[in-house]
Amino acid sequence: MSPIRTEPAAALSATELNARIRDLWADGELPDDRRPEYEALVVEWAAAAREDVRPAA
């Protein structure tokens with residue numbers, strides 16, 4: 001089980017957030033008590049992924 005996050009969202013990259021999401025699913029199932037954490041991570045990941053996109057030249 002992964003520890004509960006304490007870092008602010010801005011401190012984590014999309015890659016780091018993705019790793020934490022994958023950790024939650026490590027046993028092939030998402031534990032019901034971890035669903036709120038998962039949902040928050042997905043929202044943060046989506047925001048971080050948008051920040052990683054650069055406009056075409």
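Predicted model: local features only at pLDDT ≥ 70, side-chain atom pairs only at ≥ 80, totals over all residues.
Residues are numbered from 1 along each chain as its sequence is written, and side-chain values use heavy atoms, with hydrogens and water left out.

The secondary structure of the protein chain consists of 2 helices and 0 strands. Of the 57 residues, 21% count as buried, where buried denotes under 20% relative accessible area, exposed over 50%, and partly exposed the range in between (1.4 Å probe, protein chains only). Among the contacts in the chain with a separation of 6 or more, 56% are accounted for by residues 24 or more positions apart; a contact is defined by heavy atoms within 4.5 Å.

The largest nonpolar core has 8 residues, namely Leu12, Ala14, Leu17, Ile21, Leu24, Leu30, Leu41 and Ala48. Such a core is a set of buried Ala, Val, Leu, Ile, Met, Phe, Trp, Tyr and Cys residues joined through side-chain atoms within 4.5 Å. Helices α1 and α2 each supply at least two residues of this core, and the largest share, 4 residues, comes from α1. In soluble globular proteins, nonpolar side chains tend to be buried together.

Within α1, the buried residues include Ala14, Leu17, Ile21 and Leu24. These residues cover an arc of only 75° around the axis and therefore lie on the same side of α1, the arc being that of the directions from the helix axis to the C-beta atoms. On the other side of α1, Thr15 and Arg22 are exposed. An α-helix has 3.6 residues a turn, so residues three or four places apart point the same way.

Leu12, a core member, is located in the segment before α1 and is buried at 9% relative accessibility. Its C-alpha atom is separated by 8.7 Å from that of Glu44, 32 residues apart along the chain. With neighbours within four places in sequence left aside, Leu17 is in contact with Leu12, Leu41, Glu44, Trp45 and Ala48. Leu17 and Ala46 are 29 residues apart in sequence and 9.3 Å apart in space, C-alpha to C-alpha. Ala46 is found in helix α2 and is partly exposed, with a relative accessible area of 26%.

A search of the whole structure identified 1 aromatic pair. The rings of Trp25 and Tyr38 have centres 5.8 Å apart and planes at 80°, so the pair is edge-to-face. Rings of Phe, Tyr and Trp (its six-membered ring) pair if their centres lie within 6.5 Å; planes under 30 degrees apart count as stacked, over 60 as edge-to-face and the rest as tilted. The pair links distant parts of the chain, 13 residues apart, with Trp25 in the loop between α1 (14-24) and α2 (35-52) and Tyr38 in helix α2. Trp25 is partly exposed, with a relative accessible area of 36%, and Tyr38 is also partly exposed, at 21%. Not counting residues up to four places away in sequence, Tyr38 touches Ile21, Leu24, Trp25 and Leu30. The C-alpha atoms of Tyr38 and Ile21 are 6.3 Å apart in space, with the residues 17 apart in sequence.

Glu37 is placed in helix α2 and is buried, with a relative accessible area of 14%. The side chain of Glu37 makes a polar contact with the side chain of Arg34 (2.6 Å). A polar contact is a pair of N or O atoms within 3.5 Å; within protein, one must be able to donate a hydrogen and the other to accept it, and residues adjacent in sequence count only if both atoms are side-chain atoms. The C-alpha atoms of Glu37 and Arg20, 17 residues apart along the chain, are separated by 9.8 Å.
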